[in-house]
Amino acid sequence: MKIFLDSADLNEVQAAAGWGVISGVTTNPTLLAKAEARDFKEVVAKICRLVPGGPISAEVISNDTAGMVQEARELAAIDPQVVIKIPVTPAGLAAVKQLAAEGIRTNVTLVFSTAQAILAAAAGATFVSPFIGRLDDIGQNGLGVVQEIVTVMNTYNYPTEVIAASIRHPQHVVGAALAGAHIATVPFKVLRQLFEHPLTAQGIERFQADWEALQDIK
Ligand code: E4P
């Protein structure tokens, strides 16, 4: 499973890229607002440079197909790495179909059911993003939905890749991997948490102390 960073914060993208573990980035209007990314297109261009070759998702905000397609073309012109994030609505999937014919990659977002994912794949989505955390928040089984979607994509050989999104903690990442998701898009805080284990910290401390003791013996 690949790991993407779910962030529009350039410092976070730079740090995560430096750790060598991310191969793409997803953004959304909320993340851009949080990062105070006033020049949205410039931020997307900078993210592309920080994660060379990786898919970088940027979301459209129009509600109609023509508006989405227009926005998508403008975003795709920023860099070939840009993938267009489009909500799973009838207008959105009509845009996905049109963009697929133009060779523009899409990430169908705000997916909360297997039925929605099937429609996205049928329209020719490159990626589909089920939101685990938001489903858990309303008492549903987010990882269960990811598992179902992966099963359907594999059974019917859809080329659409599943991005496990709305990840809240490390166990969501492990669960997404066990469910067979192609990608997990992970917030910076959770990415940092993935490194952590008390025995790793203790082990480093112990090796350090023993090494220093050895220097005193010499
Ligand atoms: C997906 O691409 C979204 O950016 C994201 O994962 C949203 O998650 P949230 O529920 O933390 O806002």
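Colleague: How far is the side chain of D6 from an oxygen atom of the ligand?
Modeller: In this predicted model, an N or O atom of the D6 side chain is 2.7 Å from a ligand oxygen.

Colleague: And what about K85?
Modeller: Its side chain puts an N or O atom 2.6 Å from an oxygen of the ligand. For R134, the side-chain value is 2.7 Å, again to a ligand oxygen.

Colleague: How much of the ligand does the protein bury?
Modeller: The protein buries 85% of the 350 Å² that the ligand exposes when taken alone.

Colleague: Which pocket is that space?
Modeller: The ligand takes up the largest pocket.

Colleague: Which residues are around the ligand?
Modeller: D6, T26, N28, L31, K85, F131, R134, A165, S166 and R168.

Colleague: Changing topic, what do the strands form?
Modeller: A closed barrel of eight strands, in the order β1-β2-β3-β4-β5-β6-β7-β8, with parallel pairing.

Colleague: Take β3 and β4. How many bridges are there?
Modeller: Four, in the parallel sense, between β3 (residues 56-59) and β4 (residues 82-87).

Colleague: Which residue in β4 is the bridge partner of I56?
Modeller: V82.

Colleague: What holds paired strands together, in general?
Modeller: Strands of a sheet pair through backbone hydrogen bonds.

Conventions
Residues are numbered from 1 along each chain as its sequence is written. This is a predicted model: local features need pLDDT of at least 70, side-chain atom pairs count only at pLDDT 80 or more; totals for chains, interfaces and linings use all residues. Side-chain values use heavy atoms; hydrogens and water are left out. A residue is near a molecule or strand if one of its heavy atoms lies within 4 Å of it. A polar contact is a pair of N or O atoms within 3.5 Å; within protein, one must be able to donate a hydrogen and the other to accept it, and residues adjacent in sequence count only if both atoms are side-chain atoms. Accessible areas come from the Shrake-Rupley method with a 1.4 Å probe; for residues, only the protein chains shown count as cover. On a 1 Å grid over the protein atoms alone, a cavity is a set of points where a 1.4 Å probe fits but cannot get out, and a pocket is an open set with protein on both sides within 12 Å along at least five of seven lines; lining residues have an atom within 4 Å of a point. A molecule sits in a cavity or pocket if more than half of its atoms lie within 2 Å of its grid points. Two strands pair if DSSP finds at least two bridges between them. Helices (H or I, at least four residues) and strands (E, at least two) are DSSP runs, numbered from the N terminus.
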